[in-house]
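Visitor: I would like to learn how to read a model like this one. Please take me through it feature by feature.

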Amino acid sequence: MHKLARLDHAHVWHPFTQMRDWLRSEPIVITSGLGAVLRDVRGREYLDANSSIWTNLHGHNHPKLNAALRKQLGKIAHSSALGFANEPAGLLAAKLVSMAGCRLTVDGRRADDDARPNRKSEIGNRELQKVFFSDDGSTAMEVALKLAYEFTRRARGPKTQPRFISLAGAYHGDTVGAVSLGHIDLFHKAHAGLLFKTDAVMSPYCYRCPFNRAKPERADARETRKCNWECVGKVEAKCAAARKRGNDYAAFVFEPLMQGAAGMIPQPAGWLKRVTDIARGHGALLVADEVMTGFGRTGGGESGKVRKRESERDATARLPTFPPAHFLTGSASQGVQPDFLALAKGLTGGYLPMAATLTTQAVFDAFLGEYAEFKTFFHGHSFTGNQLGAAAGLASLELLTSKASVTARTQLEENLRRELKSLWSLPNVGDVRQVGMVAGVELVHDWRTREPFALDERAGIRVCEAMVRRGVLTRPIGSVVVLMPPYCTTAAQVRRMVGALYDSVEEVLGARATTSGAR
Ligand SMILES: *Cc1c(COP(=O)(O)O)cnc(C)c1O
């Protein structure tokens, strides 16, 4: 075993890892990266098929990001935001505010608001204006949670204890507050007694939806969906019940377009606008967790078309129908204006831990007062507003809004869509779900019955282990294999990623493809 692997085995405790399994084999020790490729201590190369757990945007070792960091290093790495302002944090805050609702056309220009005539009047003073920096997705959500709670209690009175509502299966991070907002049974059992209660509502998981009357087909279940929006009705019922109890929800918490760690569960077009309108109508603030979906990840091309089809079919959807373009946030793509926007993972292009919680002037103002009123937001971290992170964030946003990046993302989204089609021929592939540059492939015993694998069959883990042997790194969520390549990933690299998944499913789960010569 390599000496670095031995040190790891001796002392490092890995996140979300059964360490007994970990200690059974020599770990891959990463030493360098370039673009979508990671290289280990033995000189072996791998494709980074999940962007290093969903963080990396532009590829590893990017010259522009490296240069921005070097330049900042020449000045200072960190000084505290407790008491002092700094240059890159201020610049980044301003950039984030201007980017929050923005969409980019394929020529890399910022599309103006002409395409959305009602936008200004719809938003009013709810525009995102203020940025609270922290370190990780969990802390970004913790900040949103505390601010929303305190803001609501200030409006409704200190005796009230408003609750939160979020989606079934949701994951919003690992701090105690963020875990409480989530609904993953396994984690709730592990920390039973430590968490506070939040309400869960049905998430629009079309593939396994009991209300979806469409027959199983070899197509994304969202597009063949036949239902009466029962999932939307459930949100309405929950909100109405809370109102009846005299305790409207403080906030509705959601990931726009695609629930990530819940198992890559995409939302049908129009769902988000409907449920957020309902929640807001019942007095709830909107908390958009865009830790995974932010910074262009949800793309635009195909989902733009889906949006258009949907609103043509259903005039009541009131969806914005602008042409396909790239959005920097999922909520903007759905015409939803949240009161809180949590950003992390991709904020620094995946270089450094940094997070931001954006909110409105209205929320900010509720914390203003005489010193002795103690309306201060009592929250902060040692590295809040860190200069290196902010410098990386600025450079990343500059790349993200460049014509070259928008074109590359359009291409990547198409490449992914084209390659993923091959997976439908595998009997163990139940559903292939893609939103922009994120894909989840749900493995089942047989696509006809949709019978799921039990967790302890470790289907996803075994398939991903077989992918490692083919030089492709990713991590499953239960039986869902995630593909989320960095934006610089080439057509040939996408083909290798999907090809490795295809071959690994065949190898591990055994069944032969139903249509020969699909690949
Ligand atoms: C990863 C993730 C988080 C938690 O972020 P960390 O940086 O791991 O704390 C929260 N919400 C979503 C949607 C995520 O994907």
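The dialogue below goes from the overall fold to sheets, cavities and single residues.

Visitor: What should I know before reading any values?

Guide: This is a predicted model, in which local features need pLDDT of at least 70, side-chain atom pairs count only at pLDDT 80 or more, and totals for chains, interfaces and linings use all residues. Residues are numbered from 1 along each chain as its sequence is written, and side-chain values use heavy atoms, with hydrogens and water left out.

Visitor: How many helices and strands does the protein have?

Guide: Helices (H or I, at least four residues) and strands (E, at least two) are DSSP runs, numbered from the N terminus. Here there are 18 helices and 19 strands.

Visitor: What share of the residues is buried?

Guide: Buried means under 20% relative accessible area, exposed means over 50%, and partly exposed is in between (1.4 Å probe, protein chains only). Of the 519 residues in the protein, 55% are buried. Accessible areas come from the Shrake-Rupley method with a 1.4 Å probe; for residues, only the protein chains shown count as cover. The protein exposes about 23,000 Å². Carbon and sulfur atoms supply 56% of that area.

Visitor: What do the contacts say about sequence separation?

Guide: A contact means heavy atoms within 4.5 Å. Take the contacts between residues at least 6 apart in sequence: 72% of them join residues at least 24 apart.

Visitor: How do I read a sheet? Which strand order does the open sheet of 4 strands have?

Guide: Two strands pair if DSSP finds at least two bridges between them. The order is β15-β16-β19-β18, with antiparallel pairing. β15 (429-435) and β18 (476-477) are the edge strands; each has a single partner strand, so one side of each is left without a neighbour in the sheet. β18 is joined to β19 (residues 480-483) by 2 bridges. There, I477 stands opposite V480.

Visitor: Which strands pair with β6 in the parallel sense?

Guide: One is β8 (residues 251-254), which pairs with β6 (residues 164-167) over 3 bridges. In that pairing, F164 has A251 as its bridge partner. Another is β7 (residues 199-201), also over 3 bridges. Opposite L167 stands V201 in β7.

Visitor: What lines the largest cavity?

Guide: Its volume is about 80 Å³. The lining has 13 residues, of which P204, C206, C209, C227 and C231 lie nearest the centre. For classes, Ala, Val, Leu, Ile, Met, Phe, Trp, Tyr, Cys and Pro count as nonpolar, Asp, Glu, Lys and Arg as charged, and the others, Gly among them, as polar. This lining has 10 nonpolar, 1 polar and 2 charged residues.

Visitor: And what about the second largest cavity?

Guide: The second largest cavity holds about 60 Å³. Its lining includes L96, M99, F295 and L341. α5 (87-99) and β13 (340-343) each supply at least two lining residues. By class, the lining has 8 nonpolar, 2 polar and no charged residues.

Visitor: Let us turn to single residues. Why does H60 count as buried?

Guide: H60 counts as buried because its relative accessibility is 16%. H60 lies in the loop between α3 (51-54) and α4 (63-73). Leaving out residues up to four places away in sequence, its contacts include G33, D48 and Y351.

Visitor: Where is N86, and what does N86 touch?

Guide: N86 lies in the loop between α4 and α5. With residues up to four places away set aside, N86 touches S79, G385 and Q387. N86 and Q387 are 301 residues apart along the chain, yet their C-alpha atoms are separated by 7.2 Å.

Visitor: Which backbone angles deserve a look?

Guide: Most residues other than glycine have a negative phi. I53, in helix α3, has a positive phi of about 50°. I53 is partly exposed, at 42% relative accessibility. R450 has a positive phi of about 60°. R450 sits in the loop between β16 (438-443) and α17 (459-469), and is buried at 18% relative accessibility.

Terms used
1 Å grid on protein atoms, 1.4 Å probe; cavity = no way out; pocket = protein on both sides within 12 Å on 5 of 7 lines; lining within 4 Å. Points joined across faces, edges and corners; volume = space filled by probe spheres on them.
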